[in-house]
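Have a look at the structure below, and then we'll go through it topic by topic.

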Amino acid sequence: MKKLAMIVALLATPVAAQEPVNIAPGMMSVTVETPEGPVEISRIQDNDNRLTGDFSMTSRPCPDFCIQPMVPAPGVTPIGELEMLEFLNDPEVVVIDGRVPPDFRGGAIPGAVNVPYTEAADRLHELGCEPDFDGFICDGPDVKSVALYCNGPWCGQSPTAARRMIEAGFPAEKIHYYRGGMQSWRSLGLTVTEAE
């Protein structure tokens, strides 16, 4: 009888209603084109969702996990999530995940291209730059802008990529830096590519 009373009490307890989780007022989702087809980016709709795993860790030792500056090099523009969502649908901007391939395969921003920070200065031809003896010439009308990101505010991979790109001839004013990276993206419950 006690078990039946307990079950009835549990069933009678009101369940908290789930409130919709928009990206911004009036913006429930953004659809981006990827090589695999369109992907809808939205926020996780579970109001009780929590971060788990490496991205929930707050206090890893420096080095290697030192807090990065908001502007990794003079002329680079810092951006947030809403700007990143706009850039994902802008044909003049390439969103670059500057992390090493295993991190990229573990989940990324949909539509991002993986250009590991160790290769960024050597792949500027993919952004419209012309190879030159001392690096690249990146002043033509076909040179794309980039939005770089990596693991989060403590990750030095995309800041290093930005600095190396500038040293190789890429204009700093064409670089946007999403310092929040995957840690902020995941903390907001935004869509991530599935881990391979």
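Where does Asp64 lie? Asp64 is found in the loop between β2 and β3, where helices (H or I, at least four residues) and strands (E, at least two) are DSSP runs, numbered from the N terminus. Keep in mind that this is a predicted model: local features need pLDDT of at least 70, side-chain atom pairs count only at pLDDT 80 or more, and totals for chains, interfaces and linings use all residues. Residues are numbered from 1 along each chain as its sequence is written, and side-chain values use heavy atoms, with hydrogens and water left out.

- The peptide bond from Cys62 to Pro63 is cis, with omega near -15 degrees.
- The next one along, from Pro63 to Asp64, is cis too, with omega near 15 degrees.

**Arg60 and its surroundings**

- Arg60 belongs to the loop between β2 (37–42) and β3 (77–78).
- The charged end of Arg60 sits over the ring of Phe65, 4.6 Å from its centre. For that label, NZ of Lys or CZ of Arg has to be within 6 Å of the ring centre and within 35 degrees of the ring normal.
- Arg60 also lies over the face of Trp154, at 4.2 Å from the ring centre.
- Leaving out neighbours within four places in sequence, Arg60 is in contact (heavy atoms within 4.5 Å) with Asp54, Phe65 and Trp154.
- Arg60 is buried yet has no salt bridge, and the nearest side chain of opposite charge, Asp54, is 4.9 Å away. Here Lys and Arg count as positive and Asp and Glu as negative, while His and the chain ends are not counted.
- Buried means under 20% relative accessible area, exposed means over 50%, and partly exposed is in between (1.4 Å probe, protein chains only).

**Salt bridges**

- How many salt bridges does a search of the whole structure find? The search turns up 3, a salt bridge being a side-chain nitrogen of Lys or Arg within 4 Å of a carboxyl oxygen of Asp or Glu.
- Arg99 and Asp97 form one of them, at 2.8 Å from N to O.
- Both partners are buried: Arg99 has a relative accessible area of 2%, and Asp97 has 0%.
- Glu119 pairs with Arg123 in a salt bridge, the closest N and O atoms being 2.8 Å apart.
- Arg123 also meets Glu126 in a salt bridge (2.8 Å, N to O), and Glu119, Arg123 and Glu126 are linked in a network.
- Glu119 is partly exposed at 32%, and Glu126 is partly exposed at 42%.

**Aromatic pairs**

- A search of the whole structure finds 2 aromatic pairs. Rings of Phe, Tyr and Trp (its six-membered ring) pair if their centres lie within 6.5 Å; planes under 30 degrees apart count as stacked, over 60 as edge-to-face and the rest as tilted.
- Why is the pair of Tyr178 and Trp185 edge-to-face? The ring centres of Tyr178 and Trp185 are 6.3 Å apart and the planes are at 75 degrees, so the pair is edge-to-face.
- Tyr178 counts as buried because its relative accessibility is 1%, and Trp185 is buried at 0%.

**Pro20**

- Pro20 lies in the loop between α1 (2–12) and β1 (29–34).
- Is Pro20 buried or exposed? Pro20 is exposed, with a relative accessible area of 59%.
- Not counting residues up to four places away in sequence, Pro20 touches Met28 and Gln45.
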